[in-house]
Amino acid sequence: MCTMVLKETITYYIHQHNNVFCTFLDASKAFDRVNDCKLFRTLVERGLPPCIIRVLINMYVTQQGCVSWAGIDYFSVLNGVRQGGVLSPILFCVYIDNLLQRLSRSGVGCYLGTYFAATLAYADDIVLVCPTPSAMRKLLLICDAFATEYDIKFNAQKSKLLVVSSHNCRRQANSQTTHCSFSIGSNPIERVESFSHLGHIITSSFSDKEGVRFRPSK
């Protein structure tokens, strides 16, 4: 569904002969870097019943890990949501939703009618979709500020930029976007001609041929 909305947004803009800039952000060890204090504060602000919050605080404050190596050594786990836990994706979505709300309030990026479609997220897979370089840079600045405040680290080396344009203005678009550069965390983001978004191939030519040929690794 997330990829479908992304492709529909791109289709809407290229049919109007606009460029579409897509930045696929990679958050390093996103679940492990969740700040527990900020997570619980967010849950309080969302109006979650205090009794449930107290249970969650007790679960996370007292949790321990252990390593068995010539004996068993226990250590406290002071941050992050539990890997593989049923509740972890939900808690992470609540945590990252603060970023999505900030991006939505910026008022820049792609829209489908009156619906904000400049930020699409599935767990820790986030893609920014903008019709202009200036809009993309503004959204990336918001992501940088959020990452600093919420202890999230966006990996520029694994993040990618993809530019899609309509067939009628592709040559002009390539000349206009050749020198466009974007960065996250003060590090440049590499531009690519194709990207696998949640197992679906998106290409700069916006062709489905690569997606049909693509076989996800098991």
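1. Two residues are in contact when heavy atoms of theirs lie within 4.5 Å. With that in hand, look at Val-192: setting aside neighbours within four places in sequence, Val-192 touches Lys-160, Leu-161 and Leu-162. Before going on, note that this is a predicted model, where local features need pLDDT of at least 70 and side-chain atom pairs count only at pLDDT 80 or more, while totals for chains, interfaces and linings use all residues. Residues are numbered from 1 along each chain as its sequence is written, and side-chain values use heavy atoms, with hydrogens and water left out.

2. Where does Val-192 sit? You'll find Val-192 in the loop between strand S11 (190-191) and strand S12 (194-197). Helices (H or I, at least four residues) and strands (E, at least two) are DSSP runs, numbered from the N terminus. Val-192 counts as buried because its relative accessibility is 15%; buried means under 20% relative accessible area, exposed over 50%, and partly exposed in between (1.4 Å probe, protein chains only).

3. Now the sheet. Its 5 strands run in the order S6-S7-S1-S8-S11, forming an open sheet with mixed pairing. Strand S6 (119-122) and S11 are at the edges with a single partner strand each, so one side of each has no neighbour in the sheet. Two strands pair if DSSP finds at least two bridges between them. S8 and S11 run parallel and are joined by 2 bridges, and Leu-161 stands opposite Arg-191 in S11.

4. Next, the inside. A nonpolar core is a set of buried Ala, Val, Leu, Ile, Met, Phe, Trp, Tyr and Cys residues joined through side-chain atoms within 4.5 Å. The largest one has 42 residues, and Leu-99, Leu-128 and Phe-154 have the most contacts inside it. Helix H5 gives this core its largest share, 9 residues. Leaving out neighbours within four places in sequence, Leu-99 is in contact with Ile-126, Ile-142, Cys-143, Phe-146 and Phe-154.

5. Finally, the rings. The structure holds 8 aromatic pairs. Rings of Phe, Tyr and Trp (its six-membered ring) pair if their centres lie within 6.5 Å; planes under 30 degrees apart count as stacked, over 60 as edge-to-face and the rest as tilted. Phe-40 and Tyr-60 make an edge-to-face pair, 6.3 Å centre to centre with 65 degrees between the planes. This pair links distant parts of the chain, with Phe-40 in helix H2 and Tyr-60 in helix H3, 20 residues apart. Is Tyr-60 buried or exposed? Tyr-60 counts as buried, at 3% relative accessibility.
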